[in-house]
Amino acid sequence: MLLAITAILAGLVLLVWSADRFVDGAAATAQHLGMPTLLIGMVIIGFGTSAPELAVSAMAASDGNPGLALGNAYGSNITNIALIVGLVAIVSPIAMHSQVLRKELPLLLGLCAIAGVQLIDGELTRLDGWVLLAVFTAVMGWSIVQGIRGKGDPLGGETEAELSEQPMSLKVALLWLVAGLVLLIVSSRMLVWGAVSVAQSLGVSDLVIGLTIVAIGTSLPELASSIAAVKKNEHDLILGNILGSGIFNTLAVVGLAATIHPLTVDMEVLYRDWTVMTALTAALIFMGLRVFSSERSISRLEGGLLLATYIGYTGYLVSTVIA
């Protein structure tokens, strides 16, 4: 048990660190190859914050642990919205004034609906996985086109600033790209092994472990980037990061896991976890779009409600384990 817990903690730390190094290397390599900074921000850095979820869920699926794979993806979405947005809003109300966010919120809710339809029969087949990956490709293509057409996109400026602050030679960039990817795989293997071992020792389902411990751990990049954005008062980047991660988790993470190994899904995932994830997404739409004026924001009170929802949901999961 002690070895498994150590593997979880070490795996989480190494997972987050290696994902960060992988993204730095990939972004610098793309810059050296002449890739526009906006696309680097949308594709590479956007992918990087969800790289831990992708690596863990893919590894869990290949090991035949569907609960951990799905719990990690849906649990991360719940954690991102209820815990991270909730905490950030309590510290500083999150203004919502971007046209892009008004499109992404309904999009994420629509993707939740697609996920719910796929869960009704109690399984996610390889065909379901390919459908999710196809939708993800279409969404990414649409986002890239929209980003290229837009002018003065904050993400492009933010990415350019980050790259200029930490210049990296092509040789060093390639080194971090390869090393980060290898360590990402190794750390995800450690984390999955430790999580499954702890679940088996305590008689807890790997689904619950995925929804709680693993989901919180793999959401650390989103938390770090959100805290950094709060300090810079860049609220659009906070929500853009959270929504982008939600789209990535719902489509790419679950889709890849299902294509690697078809997933058998307990109905509680649909009735409990999917419902909470979808309700939280709908709540964000209400908070952001309820007033069509410059005062749209997620207030401290609403942040508190989101945080209370997360505490209640996690408390219920823990109570099912204790019972």
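This is a predicted model: local features need pLDDT of at least 70, side-chain atom pairs count only at pLDDT 80 or more; totals for chains, interfaces and linings use all residues.
Visitor: Why is H3 called oblique to H8?

Guide: The axes of helix H3 (residues 51-62) and helix H8 (residues 170-202) come within 9 Å and cross at roughly 60°. Angles under 35 degrees count as roughly parallel, over 145 as roughly antiparallel, 65 to 115 as roughly perpendicular and the rest as oblique, and H3 is therefore oblique to H8.

Visitor: Which residues of H3 and H8 meet?

Guide: With contact meaning heavy atoms within 4.5 Å, Ala51, Ala55, Val56, Met59 and Ala60 in H3 meet Leu184, Ile185, Ser188, Arg189, Leu191 and Val192 in H8. The residues of this contact divide into nine nonpolar, one polar and one charged, where Ala, Val, Leu, Ile, Met, Phe, Trp, Tyr, Cys and Pro count as nonpolar, Asp, Glu, Lys and Arg as charged, and the others, Gly among them, as polar.

Visitor: How do you know that the length of H3 agrees with its 12 residues?

Guide: The expected span of a helix is 1.5 Å times one less than its number of residues; for the 12 residues of H3 that gives 16 Å, and its end C-alpha atoms are 16 Å apart, which agrees.

Visitor: What makes H3 mostly covered?

Guide: Buried means under 20% relative accessible area, exposed over 50% and partly exposed in between, with a 1.4 Å probe and protein chains only, and 11 of the 12 residues of H3 are buried. Among them are Pro52, Glu53, Leu54 and Ser57.

Visitor: Why are H8 and H9 described as oblique to each other?

Guide: H8 and helix H9 (residues 206-218) pack at an angle of about 140°, with their axes 10 Å apart, and H8 and H9 are therefore oblique to each other. Their contact is made by Leu191, Ala195 and Ala199 of H8 and Asp206, Ile209, Val214 and Thr218 of H9.

Visitor: Why does Asn80 count as buried?

Guide: Asn80, found in helix H4 (residues 66-91), counts as buried because its relative accessibility is 1%. Leaving aside residues up to four places away in sequence, Asn80 touches Val85, Ser219, Glu222, Ile242, Ser245 and Asn249.

Methods. Residues are numbered from 1 along each chain as its sequence is written. Side-chain values use heavy atoms; hydrogens and water are left out. Axes are lines fitted to C-alpha atoms, for helices over the stretch in contact, and angles run from 0 to 180 degrees between N-to-C directions. Helices (H or I, at least four residues) and strands (E, at least two) are DSSP runs, numbered from the N terminus.
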